Amino acid sequence: MLVISDLHKSFGDIHALNGCSLSVQRGRMLGFLGPNGAGKTTTMRSIFGLISPDSGSVTWDGQELGSGERLGFGYMPEERGLYPKMRAHDQLSYMGRIHGLTKKEAADSASYWLDRLGLAERHDDAIEALSHGNQQRVQLAAALVHDPALLVLDEPFAGLDPIATETMSEVLDEQTAAGKAVVFSSHQLDLVEDICEDVAIINEGSIVVEGTVKALKDAAPIRHLEVDVDGDARALLETLEGVRSIEVEGSRHNVIIDASSDVRGFLGRAQEAGRLRHFSYTTPSLTDLFREAVQ
Amino acid sequence: MSGFRTAVVVASREIRERSRSKAYRITSILTVLIVLALIIVPSLFGDGTDRYTIGAVGNGNAEIIGAAEAIGNANVEDGADPAVELTLEAYADVSSGETAVQDGKVEALLVDGEKIITKSAGGFGSSSVVGLLQRGASTIRLEGLAAQDPEAAAQVVEILTNDALESVTLSGDDTDRESEGVIAYAGMLMLYIAILVYGTWILSGVTEEKTNRVVEVLLASVKPWQLLAGKIIGIGSLGLAQFGLTIIVAAVAIQATGTLDVPELPLASVVNLILWFALGFLVYAVLFAAAGSLASRMEDAQSTSLPITMLAIAAFFLSIITLDNPDGPVAVIGAFVPLTAPFVVPVRVALDAIPVWQYIVSIAIAAGSIVGLLLLAGRVYAGGLLQYGGRIRLRQAWRSASE
């Protein structure tokens, strides 16, 4: 298990991390969320010693991290980087070698991952000859080639088409099922809600929400109410207590409401107001939780 | 995994990828071809004989030209090509002869064996011809005197053909020592060229990882010094392979064409030269790597590396000073400064002007500073790593690494 505890890091006057604590368990996938500049990348870089925090610690199975432990981790940084002129297979073999694999192990693993990610025909193509999406696949393979126990991926889904997104999700699922600890940052909250069991939301350098997606949703102090009705919906909504926000798209109203508010009888009143096309009362989406957490 | 293994993996990637690149193959072939051309082409056109045409008006000129030619070829071995070949071209009067000088048809004009007319006082070829002709004329006149007194003539010839003073040195040196100095100097010149040319390769090679942003993935698993050491070893060996190939080709071509006389060197001198070439190259290579780590783009790398280029130039001049005064304070201090030692010590060794302890200490300092500089450069590299955009100030990089 990776445990990050109470990390502080300042760059001049900017407090990038302000007591950030987080843990990632083996066999679990953690979605790491937060607005731009909240400290996601800084946290991930701290895991790899690319940034030395002012205080706090990062441990793996209770051990302080050294270069030996880090060799068993896989990292896909936000700034993607591969050697443009190097062939895909050579590139991956090299990554395997610097993580301690023998020549043969590295070459075999490079072949496996290129085939697995749909690049079987492209082993000998230079990186610069690959499309953006395919370069992204090679970048993912570079993080996986040495079979790491912990995967840290900074925005792995950014810029991927739906097919590539699916492949990426599948691979992350497989890795988690195989007992790896996986953490990735993303702004695609729907996707995170779909594939992650755990989420952590960071804001202004510290974790503001952490837990399983289901528990967080159940425990949330808010509910999501969605109403699509002809007629005067505003007057209708004014009959409710504890409304936190209303978002209107045509006749559809997205309402965030206190979980404690009583919405019994509201469905009946809505039907009286006009033709009711849609009505739902659910636990909040991850997007709702995110907004609540970082506002 | 031992630290050095990683550096070797990095180095072998550099060698594989770069030797595969068209740029490396083309520059290697071009360099060899240019050097070959420089050596072979002149020997195709000239057979080592300087040929001049000398204008002549009146009498008594042919003897002077004949004597001058004999003096010019005095040291040529039997059967070899003559060093000088002078051809006489007769003119009816002085003015037509002068026109020929003016037009460059003849090198000089002799008038009645009494006067020599040239276009101007300067010029490389003509002044040596004029000198030969003067000596030729002197010889003819001495022969005239000798006809009257054969005994005096024999003495005059004796004086003219030998050095008047016997030369003895306290250290018992012979001229081999001198040629070793020349070789050491040539070695310094090659080191200087190698530093400037292949140092730039290392500079851009180190900046490469930052330009294409591979560095973050790499440094998540590789220590900065391992990356830098690997780059220096990889790029350095490729550069030196190209350099060595060029030198070997040049040496073979020189032997084949006989353009230059290369003195033979004792093995110890060769080992000394190679040792210091390696030390010198490594010291500067590490500095270039540090300069590269301060830049995030090639354009910036040029300016961060400028001080190192200046240092190399200064150190090279120091080797010239050392050649003049191998025991002087500049030479002694220079041997202990890792940046200047590679330029100073080999010259002092060649001139037999360095005590053994100084030699050993200078090697220890140079080798130690390579390791020290590598660690320092690694720290600067790690510090400057995640700061993109333009040049990174040394202090800034240093601090950021220490935070």
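How many residues of chain B are in contact with residues of chain A? The count is 18 from chain B against 22 from chain A, with contact taken as C-beta atoms, placed from the backbone, lying within 7 Å. On chain B's side, helix H1 (3-20) and helix H8 (215-219) are the elements giving two or more residues; helices here are DSSP runs of H or I with at least four residues, strands are E runs with at least two, and both are numbered from the N terminus. That side has nine nonpolar, three polar and six charged residues, where Ala, Val, Leu, Ile, Met, Phe, Trp, Tyr, Cys and Pro count as nonpolar, Asp, Glu, Lys and Arg as charged, and the others, Gly among them, as polar.

A quick note on ground rules. This is a predicted model, with local features needing pLDDT of at least 70 and side-chain atom pairs 80 or more, while totals for chains, interfaces and linings use all residues. Residues are numbered from 1 along each chain as its sequence is written, and chains are lettered from A in the order in which they are written.

Now for chain A, which splits into domain 1 (2-212) and domain 2 (220-294), bounds that come from an automatic or database domain assignment. Their C-alpha centres lie 38 Å apart. Ten residues of domain 1 and seven of domain 2 make up the contact. Helix H7 (189-195), strand S9 (198-203) and strand S10 (206-212) each supply at least two residues of domain 1's side, which has eight nonpolar, one polar and one charged residues.

Definitions and conventions
Two residues are in contact if their C-beta atoms, placed from the backbone, lie within 7 Å.
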